Structure formats: structure tokens, C-alpha cells
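User: I have a model open and would like to go through a few parts of it. Can we start with the helices and then move to the sheet?

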Amino acid sequence: MTATAPAGMLTTSQGAQYARLLGVGGYRGSRVVDNDEMCTWIDSSDEWIRQRTGIVERRWATEDETPLSMAAAAARKALDRAGLAADQVDAVICSTVSHFQQTPSLAVLVADELDCGTPAAFDISAACAGFSYGVGMAESLVRSGAAINVLVIGVETLSRLTDLSDRSTAFLFSDGAGAVVVGPSDTPAIGPVVWGSEPGDHEVIQTRPWEVGNPEFPYIEMEGQKVFRWATTAIADKARECLRVAGLEPEQLDVFIPHQANNRITDSMLRHLKLPESVTVSRDITHMGNSSAASIPLAMEALLESGEATSGQTALVIGFGAGLVFAGQVLVLP
Ligand code: ACO
């Protein structure tokens, strides 16, 4: 939409007063890898992994399941639930760190696969904060008038970025896609995004640069304890800030969906935030592992499908990861 300006002045765009999530969809890698199978590659135990992370099993993509196929499947579900056709999408934002093709972007390939027409399409690299980065941008696009409906997809095949002999990372990561459609709303339904980065800590979680001729695959390297400390202190504060800037008290929250990195991190955040017992808390990591940018929308879909959460409830989401980067906001569930 454009707002007509007085003669001689530039015309600018103007969108809906508010934006909201119109639909959510997910796709999980179909291979189930339990802790016993994981321990065939690393020196660990089912008990240690359960105790330290809460993970019982994780989902990996099979050879036929790619970032494109999983992103498209999740997006189709989200569009269906939003009651929208693919050609009503004005922008596609994909958050991924495991689309192993420098260009074109995965978002363009998804737009092609879904037959979206000619939407704006681009990828973002914000690791486990990517979903909330994407929703924050989509909300701004809708309210500015740059787009009416925006597809936001978080998708990863982290099993392909993981060194299976590295006992400090191998048991954590998983593969899947989660998507939402963000569109216009008559009522406020997406709180302000609280986002940022810790640029000085870019080496805490990283893959080495791709180098032509380097026979070593650039797998994920992580200083797990540092991430753990950061998540349970600074990020817990950011989660509280999400509530504050949305004008909500903890008692007014229905659902908490932190990035599914580690159940102990979730427990620590809960203590920090002093959320009432009535709040539904996602533990999707138990049977999924950490799927980075896909983890929050996948967890959201699971809570809605199981009936543990319902449409219209208020949810706090927060993601954090490689960068280091973080982002969160309060959302009304679709
Ligand atoms: N199995 C068994 N023992 C292990 C394993 C393993 N896989 N890994 C480490 N240990 C041992 C260590 O050797 C150590 O033994 P010691 O006490 O005898 O020296 C002990 O277990 C504790 O090791 P820690 O590294 O301190 O284990 P910790 O409790 O920190 O758990 C974990 C490790 C699960 C990785 C945790 O640090 C964590 O979850 N960090 C956060 C990771 C995260 O959230 N990443 C998110 C971003 S991911 C992204 O952006 C793509």
C-alpha cells in the first residue's frame, strides 16, 4: 500500500496497523536417532545425555530430505493453516546456516518450489535466533506496507554440519523446518523484537571458513559451557525484557517457547523469569534435539497440535546461538 504525499514530496509506503502470525507448520527429519545409537559414535551414555540436556532422541534428515524439501513442506502447512495460497506471499525469509549453496538463496528456491510468483526472497544467517529475527523483520515489513503476507522459515540440516566424533556437540543437533505466515492484524499480536548480538564472541560457536582445496569439512565447533552461562544469564534477562517491552507481567503469559537448546537452560530461565506454574513450557527438545532456527516454530506447532497450547494464547519466544546472536518477542499464537 502507498500513502499519497503532498505534491512535490516523495510517496512512501504504509501498511497494516498491526501484524500477527496467521499459521504455523513444521517438518521433522524422518530418521529417529536415539541416545544409544548416538553412543556408537561418541564416548558417552544415554544417562549422561538425558541428564545434561534432556534429549532422549533426535530427528535427522534422510538423504532424500533436504533443506529445500523440508522448508517447502513446513511452508505448505503454514500457508494451508493461514488459509492462503502460495501466490499471496509477498516475501519469503529463510533462516538457515545449512543450505550448502552460496547462491541462489534457499528462499528463492522455496518460492519456486511453492509457485509463489515473484515475491521478495532472501536468506538470513542468525543461527538459533533466526526465527525471531525473521518474525521481527516480517512484522516490520507488514506494518510498513512493504509486504502484506510474509513467509518466515527456519530450516536446518545440522546433522550434516556436525562432526560425529566430537562428543561436545554430536548429541545435540538435529534436522527440521518450521514456518509461519506473518500478515496484517486488526489487533496487536506481535510484541517488539528484542534482538542483538555479542560480536566479540563470534568464535564461541562457529564453523571454519570454507576454503577451496581444504579437505577438512568445516563442522560446527562450540564452547558449550560459555554458551550455557550466556544463555542462563544475559539471555534470561533479554527474555524478561521481551515481556517488559510488550507491556506484560509474567502472570499474563500463557506459553513459554525458548529455543530448544538444553532443558537445563530452559529450567534456569524459568527460575530467572519467575513464571507462574500455569505457564505451558515447551520441552520439544526431548524427542527432537536442537534444530536451531527451526526449533521454536516446531515447538509451537507441537504445542498447538497436542492441545497443550491454543490459538489466541500469548507466548514468549526467545532464540540464541552462533554469532553470538539473540532475538525474542511476545507473540499471539496462530
Ligand atoms: N558424554 C559424556 N561425558 C561428557 C560428554 C559426553 N558427550 N561431553 C563432555 N563430557 C564430560 C566432560 O569431559 C566433563 O568431564 P569432567 O568433569 O570429568 O571433566 C563433564 O562431562 C562435563 O563437561 P561439560 O562440558 O562441562 O558439560 P556441560 O554440563 O557443560 O554440558 C553441553 C555440555 C550439554 C554442551 C552444555 O554445555 C550446553 O548445552 N551448552 C549450550 C549449548 C547450546 O545451547 N548451544 C546453542 C547454540 S547451537 C547453534 O547456534 C547452532
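User: At what angle do the axes of helix H6 and helix H7 cross?
Analyst: Keep in mind that this is a predicted model. The axes of H6 (residues 224–245) and H7 (residues 263–273) cross at roughly 40 degrees and come within 9 Å. Angles from 65 to 115 degrees count as roughly perpendicular and those under 35 degrees as roughly parallel, so H6 is oblique to H7.

User: Is that crossing left-handed or right-handed?
Analyst: The crossing of H6 and H7 is right-handed.

User: Which residues in H6 and H7 meet?
Analyst: On the H6 side, they include Phe228, Ile235 and Arg240. The H7 residues they meet include Ile265, Met269 and Leu273.

User: OK, the sheet. What is the order of its strands?
Analyst: The order is E3-E9-E8-E6-E7, in an open sheet of five strands with mixed pairing. On average, neighbouring strands are turned by 15 degrees against each other, direction ignored.

User: What about strand E6, how many of its residues are buried?
Analyst: Five of five, over residues 91–95. Both faces are covered: Ala91, Ile93 and Ser95 are buried on one side, and Val92 and Cys94 on the other.

User: Why two sets like that?
Analyst: Because side chains in a regular strand alternate between the two faces of the sheet.

User: And in which sense do E6 and E7 pair?
Analyst: E6 and E7 (residues 120–124) pair in the parallel sense, over five bridges. Ala91 stands opposite Ala120, and Ile93 stands opposite Phe122. Between E6 and E7 the chain passes through helix H4 (residues 106–114), giving a right-handed β-α-β crossover.

User: And E6 with strand E8?
Analyst: E6 and E8 (residues 150–157) also pair in the parallel sense over five bridges. Val92 has Leu151 as its bridge partner in E8.

User: Which strands does helix H3 lie across?
Analyst: H3 (residues 67–82) lies across E3, E8 and E9 (175–185), and runs at about 135 degrees to E3.

User: Buried or exposed?
Analyst: Ser292 has a relative accessible area of 3%. Buried means under 20%, so Ser292 counts as buried.

User: What does Ser292 touch?
Analyst: Leaving out residues up to four places away in sequence, Ser292 touches Ala127, Cys128, Glu156, Leu158 and His259.

How values were computed
Residues numbered from 1 in each chain as written. Predicted model: local features only at pLDDT ≥ 70, side-chain atom pairs only at ≥ 80, totals over all residues. Heavy atoms only, no water. Buried < 20%, exposed > 50% of the residue type's maximum accessible area, 1.4 Å probe, protein only. Helix = DSSP H or I, 4+ residues; strand = E, 2+ residues; numbered from the N terminus. Pairing = 2+ DSSP bridges. Right-handed = clockwise from strand over helix to strand, strands pointing away. Axes fitted to C-alpha atoms, helices over the stretch in contact; angles between N-to-C directions. Parallel < 35°, antiparallel > 145°, perpendicular 65-115°, else oblique. Left-handed = near helix turned anticlockwise from the far one by under 90°. Contact = heavy atoms within 4.5 Å.
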